[in-house]
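Thanks for coming. I will take this one piece by piece, starting with the backbone and ending with the packing.

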Amino acid sequence: MALSIIESCVNCWACIDVCPSEAIVEARPHFLIESKKCTECEGDYADPQCATICPIEGAILNAFGDPINPEGSLTGIKPELRDEALKEIQAR
Amino acid sequence: MELNVLNADQAPATAEGCSASACGSSNDQMSHLPDSIREKVQNHPCYSEEAHHYFARMHVAVAPACNIQCHYCNRKYDCANESRPGVVSELLTPDQAVKKTKAVAANIPQMTVLGIAGPGDPLANPERTFETFRRLSAEAPDIKLCVSTNGLTLPMHVEELAKHNIDHVTITINCIDPEVGAKIYPWIYWNNRRIRGKAAARILIQQQQKGLEMLVAKGILVKVNSVLIPGVNDEHLKVVSKIVKEKGAFLHNVMPLIAEEEHGTFYGVMGQRGPTDEELQDLQDACSGDMNMMRHCRQCRADAVGMLGEDRGSEFTLDKIEAMDIDYDAAMKTRAIVHKGIEEELAEKQLKRERLAGVKVPSGPVAANKSFRPVLMAVATSGGGVINQHFGHATEFLVYEASGNGVRFIGHRKVDQYCIGNNTCGEKESALAGSIRALSGCEAVLCSKIGYEPWGLLEDAGIAPNGEYAMEPIEEAVMSVYQEMISSGKLDAESELKKAEV
């Protein structure tokens, strides 16, 4: 089982520093996870560290290919509440 | 060591009570500080409107990672066409950063300060940041080091910071209330968990305040940066200013939010507006009673090189510095001579200002029992404290306020848009219309020369163009124009009434 990084990654380095397994490679065009090394942080931390610090929604996938940080999970605004948030913010 | 420098009795010259003549210079906002601190900051280009024309600074981009998300930041930092904090063109390893710093210091001997400011949070990259500081402290001891941080991991790094040549730390503090913080910071990375909302803001605020207290206790100068976000923390920043002052920060820098859709930040995409020039100035004025305010920050990129507001980064790209052979010992000797020369020039200017002080005191109509409202004026200058720039060449204007109390520096207004890219970046606006819009609130603009077309447009906009004070010192010229306005009756109640009717 291993996580993976996809092309929306912006190469910000945050994940490299926090990975306990040194599974993240500074690759181009974007960083990659070496699946052989990735443990999903099992035994080290409650949450996989790369996906815990990653600032980009959807950039890290779990072993089933689903985004660990889906749309709206990092901005704190769920897609269905976006219009309401837009209105509130633009009234400032 | 207690750094309680901002007590009212030690800093009598607040914005309201300070005439230019009494302070020596409103160019130099550091003039109220005790000598020990002034000595530390006098050749720091970021701390004085005057020094930044003489001394240069640079940032090295060794710190890409970040441990929090701010709604005004886009973590995709690589853009050559944008000039704002958090943006860089190439990341450096500590080794490359040391090489680049020495190359810049040798080629631009006026460079006195090296900062690490990102593009992420320097203290979220402690190995890269401290390796750079360790080596520079040893190999280039004549360079001052500074660092900026969001504060989340600051308390655990204070010991290490105290070991190096670091005498300034900047903490970005946008709030002290988690309710407000939750609107600015969606999450933080803390103890290996992602914490969201108010709980996240509460931890961040606690860490920032603790870090501030610890640095002050160590005798390290702390500047506080705040981003003014209309409708989110505008009123709140007055409280922030008061509290950070009480805790011993020596300077508060309130900066306008930069939020353009094309920058891809949350605020930009969602249409959060930035403050107007007037809103920024009003807030800075409101805080200045409590706190020494910084008014000339140019909000640099995290890899800026050169004088404030300019960027010579392209002269020092990795391939170019690789080809340079720097003898730093020799460079240090040259640098010492250059620095001494600049300091002598600045000291001489200071003396001259003191001599002129008597002349500058408003006399005649201003000093008379009648009091007139203050007037804002814009000045085009390329430095040196004189009016020496053509209106059309100015990429920014300095704004001064003239009143019965004298002349004080208010801030700068950029003419160029933040993004210098092509037409794909937002609406195009003619440079002239942009200049005139940037001067809103000003009633005169002083420059060395001005063309026919802008002359008419400025007059239409209620801004009097003035080219009569070319090469003259800014403050005297501003005061003269103010006195002319008074003696011509422009500021009389009747004339004001007429203006209002029109």
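This is a predicted model: local features need pLDDT of at least 70, side-chain atom pairs count only at pLDDT 80 or more; totals for chains, interfaces and linings use all residues.

B:Pro119 is worth a stop for its peptide bond. The bond joining B:Gly118 to B:Pro119 is cis, with omega about 15°. Chain A has a cis peptide bond as well, between A:Arg28 and A:Pro29, with omega about 10°. A:Pro29 sits in the loop between β2 (24–25) and β3 (32–33) of chain A.

Staying with the backbone of chain A, there are non-glycine residues with positive phi. A:Asn11 has a phi of about 55°, and its place is the loop between β1 (4–5) and α1 (14–18) of chain A. Is A:Asn11 buried or exposed? A:Asn11 has 20 C-beta neighbours inside 10 Å, and so it counts as buried, the cut-off being 20 or more. A:Cys41 has a positive phi near 65° and lies in the loop between β3 and α2 (49–53) of chain A. A:Cys41 is buried too, because 21 other C-beta atoms lie within 10 Å.

Now to chain B and its strand β1, residues 56–59. Which residues of this strand are buried? On one side B:Ala56 and B:Met58 are buried, and on the other B:Arg57 and B:His59, so that both faces are covered.

As for its partners, β1(B) runs parallel to β3(B), joined by 4 bridges. B:Ala56 has B:Met111 as its bridge partner in β3(B). β1(B) also pairs with strand β10 of chain B, residues 305–306, in the antiparallel sense and over 2 bridges. There, B:Arg57 is bridged to B:Gly306.

Next, helix α15 of chain B, residues 474–487. How far apart should its ends be? It has 14 residues, and at 1.5 Å a residue they should span 20 Å; the end C-alpha atoms are 20 Å apart, so the two agree. Buried residues in α15(B) include B:Ile474, B:Val478, B:Val481, B:Tyr482 and B:Met485. Just after the helix, B:Gly489 takes a positive phi of about 85°.

On to where the chains meet. The contact takes 20 residues from chain A and 24 residues from chain B. On the chain A side, the elements giving two or more residues are α1, α2 and α3 (82–90). Of these, α3(A) gives the most, with 4 residues. By class, that side of chain A has 12 nonpolar, 5 polar and 3 charged residues.

Last, the packing. The largest nonpolar core has 114 residues, and those with the most contacts inside it are A:Ala14, A:Cys15, A:Cys50, B:Tyr185 and B:Val222. Helix α7 of chain B, residues 197–218, supplies the largest share of this core, 7 residues. What is B:Val222 in contact with, leaving aside its neighbours within four places in sequence? Among its contacts are B:Val169, B:Ile171, B:Leu212, B:Leu215, B:Val216 and B:Phe250. There is also a second, separate core of 37 residues, which includes B:Val445, B:Cys447, B:Leu458 and B:Leu491.

Technical notes:
Residues are numbered from 1 along each chain as its sequence is written. Chains are lettered from A and ligands numbered from 1 in the order in which they are written. A residue is buried if 20 or more other C-beta atoms lie within 10 Å of its own, exposed if 12 or fewer, and partly exposed in between; C-beta atoms are placed from the backbone. Two strands pair if DSSP finds at least two bridges between them. The expected span of a helix is 1.5 Å times one less than its number of residues. Two residues are in contact if their C-beta atoms, placed from the backbone, lie within 7 Å. Ala, Val, Leu, Ile, Met, Phe, Trp, Tyr, Cys and Pro count as nonpolar, Asp, Glu, Lys and Arg as charged, and the others, Gly among them, as polar. A nonpolar core is a set of buried Ala, Val, Leu, Ile, Met, Phe, Trp, Tyr and Cys residues joined through C-beta atoms within 7 Å.
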